[in-house]
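Subject: Structure handover

Hello,

Please find the structure below, followed by what was found in it.

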Amino acid sequence: MRTLPIAALFFLLAGCASVEKVESGERSLGERMLVSLDGPWNKVSAPDREPAVVWTMEGRPVDELLIYSGIKNEQVIHATAMGANRKNFAFRSGMQPDEIVAMFEGMLTRDGSTFKLVKLAPADFGGAKGFRFEYSLTRKVDNVQLSGLGFGTVSNGELFALLYQAPRLAFFPRHQPRVEQMARSARIKT
Amino acid sequence: MRLASSVFAVIAVSFAAAAWGQSKNLAPGFTSLPRGAAVVVMPTDIELFSISGGGVLEPKADWTEAATQHFKTALRDKKQKLGLRTLELAEKDADELTEVNTLHAAVARAIALHHFGTPLPTKEGKLDWSLGEPVQAIKKLTGADYALFSWVRDSYASAERQAAMVALAFVGVGLGGGVQVGYASLVDLKTGQVLWFNRLLRGRGDLREADKAVETVEALLEQFPVAK
Amino acid sequence: MNRRGFLAGGCACCVGGLVPGPAAAQAAWEIPARFARPDAGSDEGGLWSMMDREEVRLRKSPFSLRDPKLQAYVQDIACRLAGEHCPDVRVHLVRTPLFNASMAPNGMMQVWSGLMLRVDNEAQLAAVLGHEIGHYLARHSVERLRDAKSRSAFGMFIGMFGAVGAVGQLGLYAGMFAYSREHESQADSIGVLLMRKAGYDAAEAAKVWENLQLEIKARPDGDASRSPFFATHPPAADRQQALAELARASPAGAANEVQWREGVKPFLRDWLHEEVKRGQHEESLALLGRMIARSPALADYRWARGEVYRLRAKEGDLDSAVTEYLAAIAGGGEPPDTHRGLGMIYRARRQSPEARTSFQRYLELAPEAPDSALIKSYVEELRT
């Protein structure tokens with residue numbers, strides 16, 4: 001049974017709850033993170049991605065920027081409404097970079113999508129020691145092959161991360177530089 | 001889904017007398033296809049459903065089979081009215097284009113969702129989506145300059161559903177009977193820009209019958225931007 | 001199959017009860033001639049067309065496992081089982097770490113990588129494929145279809161055969177479109193018949209379910225229905241008994257364990273990795289325990305078990321993980337990740353020299369590893 005027809009109908013008929021413009025310049029993401037944007041983004045409501053805040057340039061069916069700001073110890077990093085049978089993924093303050101990436105992998109593959117880590121390296125993020133990772137994700141619902149880029153750090157026991165994913169064809173390369181710039185500009189208040 | 005694609009050369013004809021300026025369906029700066037442009041018609045993705053009494057969508061393969069044939073016939077007739085040539089693509093070639101096709105489907109969903117639904121402020125109200133260079137793979141395989149994609153999902157109330165509708169109507173509850181959703185998009189195979197996009201979202205239309213399928217094709221391709 | 005059911009099954013109804021004994025059922029049934037494509041307007045025809053379209057999607061899907069050699073190998077086994085029906089059977093391998101195989105009425109067969117990981121030999125795979133071919137030859141799904149139509153969720157029925165590796169959907173419809181007891185029993189009989197004809201040892205059929213049970217019993221909730229296979233094939237209480245009986249009636253055949261192991265060797269590490277990533281630790285431990293008992297020297301299995309312990313990280317697990325990793329290394333041919341896993345544990349325990357050594361060995365064995373930059377930074381840190 002293809003879920004796509006139903007999903008597509010849902011997209012077409014229900015629409016997004018709301019879209020807000022995020023202007024360029026200094027923006028606060030949560031209480032402790034600040035970024036400097038070189039251009040506007042669109043903030044979309046995405047209850048299925050909570051606690052992440054979701055931005056997009058082309059629309060969620062195409063690209064998504066997941067913003068995790070101040071995720072606390074033992075906080076589950078995804079909506080738990082669907083799939084009571086499925087494993088939950090929660091952040092723990094003591095997690096190492098590879099464990100945090102594994103946690104995101106688990107979250108991104110709950111719907112049957114497949115994830116492959118391409119690169120994981122230490123990197124400064126938000127003015128602290130953190131990590132950067134690249135991945136590919138094959139989206140289950142419609143087989144689109146996505147490329148992904150993530151930045152993260154743990155500060156005062158809280159997780160701060162940016163994940164951007166878009167189709168590997170055309171879209172990821174198009175918006176990647178802006179995400180890199182955003183990540184470079186990020187500052188986390190201690 | 002039968003995987004036949006056709007290439008037809010668009011000869012200057014207009015099949016809509018209406019004058020359109022910069023409409024919602026057109027990308028900024030684009031008004032119509034130039035004379036002699038070659039357009040490849042990508043295999044249409046159609047699926048028909050029956051809505052059961054409980055409101056569940058049930059795919060109907062025989063309806064879908066029929067609809068696919070009717071749609072192809074209606075498109076072919078349309079091309080014939082314009083006096084166009086058709087060429088067939090090998091199934092192997094269509095396989096090679098799977099990723100671009102999948103990509104287009106996602107972009108089309110985004111356009112249907114946002115351009116014709118809740119707008120994305122950064123797009124500033126314009127039809128401004130581009131698949132970029134990867135579409136050149138289609139150009140390479142077909143020699144065409146433009147590609148026409150189409151997608152239709154159609155649902156019809158089954159007998160139980162209709163009975164339920166009637167029953168509930170008596171107590172003042174409105175039930176959706178059936179919805180036809182679809183889109184048609186025209187993509188520039190040099191740049192990947194979506195030049196024209198039409199979204200269909202209505203409560204009527206019937207692809208199960210050949211004559212009614214013609215009407216759906218007309219609705220889908222309403223104001224298709226051909227140069228006069 | 002839950003423990004209660006299995007124990008209660010006993011022999012109350014397996015011989016001469018409500019359901020005809022399996023041996024008797026075999027004598028009565030004959031393999032039909034090849035099926036003609038049904039009329040497009042019929043319900044079966046509609047189902048067939050839908051399956052055809054699903055098959056096209058399956059072929060193009062990134063989840064499809066397209067290795068020509070492995071595909072040909074499994075196709076060959078399916079073909080020999082199907083006999084005259086061979087030309088109608090089309091095998092598609094799918095990358096999904098769960099035990100499942102299915103065959104749609106149009107001849108499309110899906111074999112998931114989780115199944116290929118779990119079977120010990122060709123005969124066991126043949127048991128499952130033969131069972132599916134049994135459903136196909138006896139046209140159970142068409143019967144089921146006609147039955148299901150009266151229930152409004154007919155469309156979901158397609159999910160059993162279509163949607164590539166559709167885990168979620170099968171879970172949802174657990175039991176809804178399951179084959180009946182009679183169908184299961186018949187498919188088992190036919191499966192064994194086909195195995196025998198193809199020269200396989202029918203005794204391996206019961207072993208498959210025995211092995212699967214081990215995993216299910218290991219589940220904290222012991223709930224069989226969460227397995228995709230058991231969502232559509234409810235385990236009959238008397239099934240193993242019946243299969244054992246059927247096997248007794250047949251002379252021993254081949255198992256072809258060596259050929260099977262050779263055939264899947266290039267994929268084993270990937271499949272184990274996927275299994276570990278499922279995060280269902282208890283099941284993975286049961287599975288790996290069984291595999292290690294059979295092949296104690298195979299480093300990949302020890303590494304995988306090490307990973308499961310390391311990820312589960314319950315009391316004593318990290319010690320167990322170290323034991324497993326070291327066993328893998330002792331065995332030789334260990335995956336580079338073995339050293340990475342060791343390094344992670346040593347690092348967490350602040351055993352710096354050991355951690356550094358392990359990480360360095362990992363980097364030596366896998367210089368192009370995705371996380372090599374991160375691991376290098378750990379090595380640097382550990383120097384200080």
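In the hairpin formed by strand 2 and strand 3 of chain C, four residues lie between the strands, and Gly107(C) has a positive phi near 100°. The model is predicted. Strand 2 (residues 101-103) and strand 3 of chain C run antiparallel and are joined by three bridges. Within strand 3 of chain C, Met109(C) is the residue opposite Met103(C).

Strand 3 of chain C also pairs with strand 1 (residues 90-94) of chain C, in the parallel sense, over five bridges. Here Arg90(C) has Met108(C) as its bridge partner.

Is strand 3 of chain C covered on one side or on both faces? Both faces are covered: Met108(C), Gln110(C) and Trp112(C) are buried on one side, Met109(C) and Val111(C) on the other. Because five of the five residues of strand 3 (residues 108-112) of chain C are buried, this strand is largely enclosed by the rest of the structure.

The other element to report is a helix. Helix 18 (residues 337-348) of chain C has twelve residues, which at 1.5 Å a residue should span 16 Å; the end C-alpha atoms are 16 Å apart, in agreement. Eleven of the twelve residues of helix 18 of chain C are buried, so this helix is largely enclosed by the rest of the structure. Among the buried residues are Asp337(C), His339(C), Arg340(C), Met344(C) and Tyr346(C). Their cover includes helix 16 (299-312), helix 17 (317-331), helix 19 (352-365) and helix 20 (372-383) of chain C. Following helix 18 of chain C is Arg350(C), with a positive phi near 60°.

Regards

How values were computed. Residues numbered from 1 in each chain as written. Chains lettered and ligands numbered in written order. Predicted model: local features only at pLDDT ≥ 70, side-chain atom pairs only at ≥ 80, totals over all residues. Helix = DSSP H or I, 4+ residues; strand = E, 2+ residues; numbered from the N terminus. Expected span 1.5 Å × (residues − 1). Buried ≥ 20, exposed ≤ 12 C-beta atoms within 10 Å, placed from the backbone. Contact = placed C-beta atoms within 7 Å. Pairing = 2+ DSSP bridges.
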